[in-house]
Amino acid sequence: MYKVLVADDEHNIRNILDFSLHAEGFEVVSALNGEDAFKLAVESTPDLVILDVMMPGQGGMETCRALKNDRRTARVPVILLTAMADRENRAAGLDAGADAYITKPFSPQKVIDAVQELLGVT
């Protein structure tokens with residue numbers, strides 16, 4: 001079973017992703033901010049991380065950079081989830097090391113499709 005770490009400060013977003021990913025057979029662990037997400041990623045070694053870009057404290061882009069720069073988590077795919085849909089923010093997210101950039105509002109199926117594609121599962 002693949003483990004997905006979801007970090008978002010919005011309770012409803014975490015619940016939607018938790019429910020949708022569980023329904024597809026993924027194990028889900030959650031964090032409320034970037035600092036906790038980084039710690040959980042190092043401790044629980046997820047197969048993939050989904051990060052909200054705008055969280056209190058350390059945001060998703062900073063957390064993505066930290067994950068990609070740490071040898072323990074450098075190979076873990078990261079999806080950035082954000083309301084910032086403009087080209088500049090998308091480029092900044094990909095420059096930070098994100099493997100995918102999904103804008104809010106989002107369809108849970110779009111997230112599941114991205115997770116499955118990045119993990120090579122169908």
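A: Happy to. One term to begin with: buried means under 20% relative accessible area, exposed means over 50%, and partly exposed is in between, using a 1.4 Å probe and protein chains only. Helices (H or I, at least four residues) and strands (E, at least two) are DSSP runs, numbered from the N terminus. This is a predicted model, where local features need pLDDT of at least 70 and side-chain atom pairs count only at pLDDT 80 or more, while totals for chains, interfaces and linings use all residues. Residues are numbered from 1 along each chain as its sequence is written, and side-chain values use heavy atoms, with hydrogens and water left out.

Q: Switching topic: how many salt bridges does the structure hold?

A: It holds 5 salt bridges, each being a side-chain nitrogen of Lys or Arg within 4 Å of a carboxyl oxygen of Asp or Glu. One of them joins Asp52 and Lys104, whose closest N and O atoms are 3.2 Å apart. Asp52 lies in strand β3 (residues 48-52) and Lys104 in the loop between β5 and α5 (108-119), so the pair ties together parts that are 52 residues apart in sequence.

Q: Is that Asp52 buried or exposed?

A: Asp52 is buried, with a relative accessible area of 4%. Lys104 counts as buried too, at 17%.

Q: Which residue does Lys68 meet in a salt bridge?

A: Lys68 meets Asp99, at 3.0 Å from N to O. Because Lys68 lies in helix α3 and Asp99 in the loop between α4 and β5, this pair ties together parts 31 residues apart in sequence. Asp99 is partly exposed, at 37%.

Q: What about Arg72, which partner does that one have?

A: Arg72 forms a salt bridge with Asp70, and their closest N and O atoms are 2.6 Å apart. Salt bridges that share partners also join Asp8, Glu10, Asp52 and Lys104 into one network.

Q: Now the inside. Which residues touch the most other members of the largest nonpolar core?

A: Leu17, Leu21, Ile50 and Val115 do, in a core of 20 residues. A nonpolar core is a set of buried Ala, Val, Leu, Ile, Met, Phe, Trp, Tyr and Cys residues joined through side-chain atoms within 4.5 Å. The largest share of this core, 5 residues, comes from α5.

Q: What is Ile50 in contact with?

A: Leaving aside neighbours within four places in sequence, Ile50 is in contact (heavy atoms within 4.5 Å) with residues including Val4, Val6, Leu17, Leu81 and Val111. There is also a second, separate core of 19 residues, with Val29, Ala31, Ala37 and Met55 among them.
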